[in-house]
Each structure stands twice: as structure tokens, then as C-alpha cells.
Amino acid sequence: MFPIFSFQLISFILFSYGFLGTFIIKRNLILILVCIELLLVSIQLSFIINSYNFNDVLGQVFILFILMVAAAEVAIGLAFLIIYYRLRGTLESKYVYLTKG
């Protein structure tokens, strides 16, 4: 079995990729949405690791709430992206400031 530290390191690497991707990738809105999902997945992995390490079920219950938030975020985010694409014809984020409402 792998030590707990290696799984925490994987979770930290995923979180850093998601965090940096959210702020570095500023052109495509779909990639920004994917990076936010990567952030949520890394947090879920960290909760599972700590829940297993401390023999506690609370971390696994909390993951269910994170999954619900992630599903709602994806549904609303994709709906906004579809509407934005129909209005502008592109998914580049440099035209977001033109959207009023």
C-alpha cells in the first residue's frame, strides 16, 4: 500500500493544477470550468484520504455535499456557456465584459 503522504501529494498537485489553470487560462471558458472541477475533485480526494486515515465517516458524508455542489455548478455553468455562445458566437473570455444584464 502507498503511504498517506503520497495520496495527499497527488491531491495537492491536482489542486495546484486547478488553481493555476483557473487563473492562467483566461481565454477559454470551458477550460476554466474544467479547472474549477479539478479543484473540487482534489478537495474530495483529500477528504477521502483524511476520512480513511482518521477512521471517520464525516469526511465521506461531506463529500456528498461537495458532489451536489459540483453537479449544480456544472449544470448552471454549462447553461451559461450555451447562452453566452449563442449571443457572442465564441467562448473566449475576453468578451465577457460586453455582457450586460
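Colleague: How do α2 and helix α3 cross, and within what distance do their axes come?
Modeller: This is a predicted model. In it, the axes of α2 and α3 come within 10 Å. They cross at roughly 175°. Helix α3 covers residues 58-88.

Colleague: Roughly parallel or roughly antiparallel, then?
Modeller: Roughly antiparallel, because the crossing angle is over 145 degrees.

Colleague: Which classes of residue make up the contact of α2 with α3?
Modeller: That contact has 17 nonpolar residues. It also has five polar and two charged ones.

Colleague: OK, on to the other pair. Where do α1 and α2 sit in the numbering, and at what angle do they cross?
Modeller: Helix α1 is residues 4-24, and helix α2 is residues 29-54. Their axes cross at roughly 160° and come within 8 Å. That angle is over 145 degrees too, so α1 is roughly antiparallel to α2.

Colleague: Is that crossing left-handed or right-handed?
Modeller: Left-handed, as α1 passes α2.

Colleague: And how many charged residues are in the contact of α1 with α2?
Modeller: None; the contact has no charged residues. By class, 16 are nonpolar and nine are polar.

Colleague: Switching to the surface. Which residues form the nonpolar patch?
Modeller: F15, F19, L20, F23, I24 and I43. Together they have about 570 Å² of accessible area.

Colleague: Which helix gives the most to the patch?
Modeller: Helix α1, with five residues.

Colleague: Where is F23 placed?
Modeller: F23 is in helix α1. F23 is also one of the residues of the nonpolar patch.

Notes: Residues are numbered from 1 along each chain as its sequence is written. This is a predicted model: local features need pLDDT of at least 70, side-chain atom pairs count only at pLDDT 80 or more; totals for chains, interfaces and linings use all residues. Side-chain values use heavy atoms; hydrogens and water are left out. Axes are lines fitted to C-alpha atoms, for helices over the stretch in contact, and angles run from 0 to 180 degrees between N-to-C directions. Helices (H or I, at least four residues) and strands (E, at least two) are DSSP runs, numbered from the N terminus. Angles under 35 degrees count as roughly parallel, over 145 as roughly antiparallel, 65 to 115 as roughly perpendicular and the rest as oblique. A crossing is left-handed if the near helix is turned anticlockwise from the far one by less than a right angle, and right-handed if clockwise. Ala, Val, Leu, Ile, Met, Phe, Trp, Tyr, Cys and Pro count as nonpolar, Asp, Glu, Lys and Arg as charged, and the others, Gly among them, as polar. Patches are made of residues with over 30% relative accessible area and no salt bridge: like charges are joined within 9 Å, nonpolar side chains (Val, Leu, Ile, Met, Phe, Trp, Tyr) within 5 Å. Accessible areas come from the Shrake-Rupley method with a 1.4 Å probe; for residues, only the protein chains shown count as cover. A salt bridge is a side-chain nitrogen of Lys or Arg within 4 Å of a carboxyl oxygen of Asp or Glu.
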